[in-house]
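Visitor: I would like to learn how to read backbone features. Please take me through them slowly.

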Amino acid sequence: MTLPFIAKYGFKNNSHDLLEWDGGAPPPTELLGLTDKPAGHITPKEKWWPVINCGKVGNWWAIWSIEPDESAPRAGMVKSKAYLWPINEIENVNNLDEFVCSLAGQYLETPSEDDFGVINGLLNQLSSSDEVAMIEEVKLIPYIIKHLWKNLWADARKAFSVRVSFTPPQSFNTTKHPTFYCVPSSLTPQWYGHNLKTITKTLPVELSRAAEYLNGSKDTLMTKLLENCGSHRGSPKVLGRLARAATNIDLFRETENASTTITALRSIIACSPIAEDSSVYKKELLEALRRHISENSISEEQVLTLCNIAEENIATEELPKEELTGWLLENLPNIDNGKAKSFFERCAPGKSALWWSNSIELGLDKYLATSYAGERIVSWILMESFSGLANKLLYPSKDFGNRLFDLVKNKKFQNVELKKLESIAIKHSYPKLYSFVIYELYPENSLLNRLINSMKCWELGTAFLVDKMKCSTLLNEIEVEEQSFIIPFVADRVKKDADILNEIDISRKGAFTLWCQQLDEGGLFYPQLVDKALFREELLNKVTSDLPNNLIEIIVFEIAENILALDDKSDFWEKFDVKGRELIADKLIDAIRLNPTIPVKINAKDVELTRAIIVLLDSNSDLHQQLLLACLRVPISQDERKILSWILKAYDYGWANYANALGEIILKNKWAYIAGKLYEQSYGFLGRRDYFKAVIDRCVSLLNIVQRTIVSGKSGTQVAVNEDVIINRLVELASELAHDRLESIWQRAGGKLGALHSNGSSYERWQRAIREANSGALDGGIGAVADQLLIEFPNNSELREIKSFLTGN
């Protein structure tokens with residue numbers, strides 16, 4: 001055993017001073033004051049000695065006695081003896097009995113039964129309470145020091161100290177106190193009001209587990225925990241925490257469940273806050289905790305209690321991070337909002353350990369991404385406690401604004417909730433959500449202005465408002481220049497609700513733009529309840545070059561009748577350039593094709609329309625007489641062959657209403673060629689178009705004399721004149737075609753050669769022969785001559801016409 005150095009103090013040079021010292025270097029100077037009589041006044045009759053004090057003094061650990069020095073020349077002097085060990089060697093001193101007995105000497109007493117009540121009370125106090133402990137029995141100090149010392153461990157021995165004091169320290173709350181004080185009972189009233197516990201004689205005291213251990217009881221678990229305890233090892237008070245930990249570990253091992261596991265874990269952390277300390281016990285408890293979390297045999301409240309288990313208390317790899325995330329993901333659907341609020345509050349900065357909040361946030365993040373989390377999201381974002389988590393987990397997502405809008409758009413909210421949603425929408429730039437909120441909160445006529453002034457991407461909220469607002473409000477808003485941006489959205493709404501068109505007035509700019517927009521997107525041309533004729537009249541004034549070509553085409557096609565009916569289209573045409581006019585002309589032709597009977601008025605100023613009509617007339621399409629006559633009245637061409645081709649393309653039917661008019665036009669324009677050709681088509685030998693006869697009857701004066709004679713003959717007038725004309729023309733044809741074959745033709749016609757004259761020219765001979773035939777020389781008359789000529793010249797149309805006239809066919 002390491003032997004101590006010895007110092008003695010007493011009266012010297014009229015004061016208290018060091019008398020003897022067996023060491024080399026001087027003893028600690030502060031020991032001089034400590035070995036003097038305790039400061040303060042005590043009645044002379046009260047015995048306050050022997051004082052046995054101990055504790056760390058400088059770099060030494062000392063135990064010393066103080067008692068009155070009756071031999072000193074001055075009254076009130078004391079003598080003291082002290083044993084000192086270097087502080088680093090005191091832990092090896094396992095027994096102080098010898099030294100305590102030496103210091104106590106004749107004053108050493110054996111404690112009575114009552115005294116053990118005080119001792120046991122002190123043991124309980126020292127091992128469990130943070131209050132300063134104080135006893136009144138000075139005589140018990142030697143026994144207590146001897147007994148306690150044997151049960152103290154190295155760090156506790158270095159820190160163990162006892163003071164006999166008369167008055168409390170001036171700065172009681174900041175003073176470093178000894179392990180316990182001993183104050184004579186007459187002086188204890190001076191100590192009242194301070195945070196200390198006075199141990200007095202009481203009924204028998206039952207020792208706690210910690211006090212039992214301090215009293216020398218064998219407790220293996222307590223010993224192991226003490227060995228693994230890395231903090232507060234110098235104070236016996238650590239035994240209280242260790243005893244609680246030991247008791248909780250025992251209970252955990254006897255009855256393992258989430259509650260006993262968490263309680264034991266917390267108590268072991270209280271004893272060993274450093275992660276590496278008591279790692280074996282921590283690992284055992286954490287394995288059990290992870291299992292309970294994974295098996296869902298832990299309550300919501302118990303999970304919440306884990307929030308303040310710090311990472312520095314536990315090895316990181318042992319923390320139940322993944323298990324906690326999984327537990328939350330599984331249980332969150334069944335956790336009510338009140339309890340959920342507790343989780344949210346603990347996730348706030350500084351409210352929980354980082355590992356716990358991160359695990360909870362990860363579980364929340366996974367849950368919020370599920371399709372079934374929607375209902376909870378709406379209620380949670382209205383909770384102030386969730387705002388921090390929402391800022392982390394929801395609002396950064398570019399799609400969350402739209403998701404939140406979809407979640408709330410069909411729900412009803414209180415105004416205070418709507419105000420909260422409004423704040424969220426503005427803060428995070430959620431235009432759709434903002435539109436929903438303002439629609440619920442504010443008058444309709446203010447909504448668009450609010451939206452425009454809300455955020456950069458406000459346009460994305462327009463569609464919702466337009467779908468919700470009254471038609472009358474929308475139609476007023478689109479007439480305001482600043483609000484015209486809503487027109488495309490109103491057009492989309494028209495697709496779903498065409499009744500809106502019934503309320504528009506296309507004479508107004510906004511309404512017309514809306515009508516055009518929806519029409520361009522495949523909407524209705526005519527509102528369901530509109531007067532179509534009046535509507536077309538209004539459109540006639542609205543068609544301008546400002547419209548896109550596709551719309552111009554649609555509108556022009558529909559109002560073609562109105563355009564074509566204009567006597568003077570100058571005002572209409574001047575709104576367009578050449579390409580525009582050509583485009584319109586083409587659409588008018590399309591309308592004419594679709595409705596050939598459409599009334600058409602054309603004049604010389606309709607240049608592009610005229611060109612388009614000529615193209616139509618030149619095509620292979622069948623033409624309606626009404627269009628044909630409208631074009632010929634102008635006329636749009638003087639090329640008789642072209643005009644004839646148009647006439648011949650006209651329908652075969654319906655001429656009864658148009659033939660006279662066509663004949664008048666032909667006559668007026670003196671189109672003799674056309675008249676002759678139509679004669680062939682109707683009155684000619686091979687003519688099959690009888691409907692043209694009425695045309696020829698109106699313009700017969702344009703025909704040659706033969707044709708006129710034939711027409712007159714077939715109509716039953718001027719027969720004699722007509723025969724003479726026919727005879728003369730037959731003579732001309734015969735002398736031209738068969739000037740040298742009179743004899744053969746005459747014989748084939750049944751005539752006798754002797755009846756023919758041999759003198760004269762070919763013309764004269766044919767003239768006499770034909771007149772003879774007409775006078776009876778031939779049984780068939782001149783018709784027999786015509787028949788023979790047709791045999792030789794079957795393709796001669798005039799011969800066919802004469803034959804037709806003669807036969808009356």
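Guide: Start with N13, which sits in the loop between β1 (5–12) and β2 (15–21). Strands (E, at least two residues) and helices (H or I, at least four) are DSSP runs, numbered from the N terminus. The model is predicted: local features need pLDDT of at least 70, side-chain atom pairs count only at pLDDT 80 or more, and totals for chains, interfaces and linings use all residues. Residues are numbered from 1 along each chain as its sequence is written, and side-chain values use heavy atoms, with hydrogens and water left out.

Visitor: What is the phi of N13 near?

Guide: Phi of N13 is near 55 degrees, a positive value in a residue other than glycine.

Visitor: Is N13 buried or exposed?

Guide: Buried means under 20% relative accessible area, exposed over 50%, and partly exposed in between, with a 1.4 Å probe and protein chains only. N13 counts as exposed because its relative accessibility is 67%.

Visitor: Where does N296 lie?

Guide: N296 is in the loop between α10 (279–294) and α11 (300–305). Its phi is positive, about 60 degrees, although N296 is not a glycine. N296 has 30% relative accessibility, so it counts as partly exposed.

Visitor: Which residue does a cis peptide bond join to P50?

Guide: That residue is W49, and omega is about 0 degrees. P50 belongs to the loop between α1 (30–34) and β3 (51–57).

Visitor: What is omega for the cis peptide bond of V634 and P635?

Guide: For that bond, omega is about -15 degrees. P635 is placed in the loop between α31 (625–633) and α32 (640–649).
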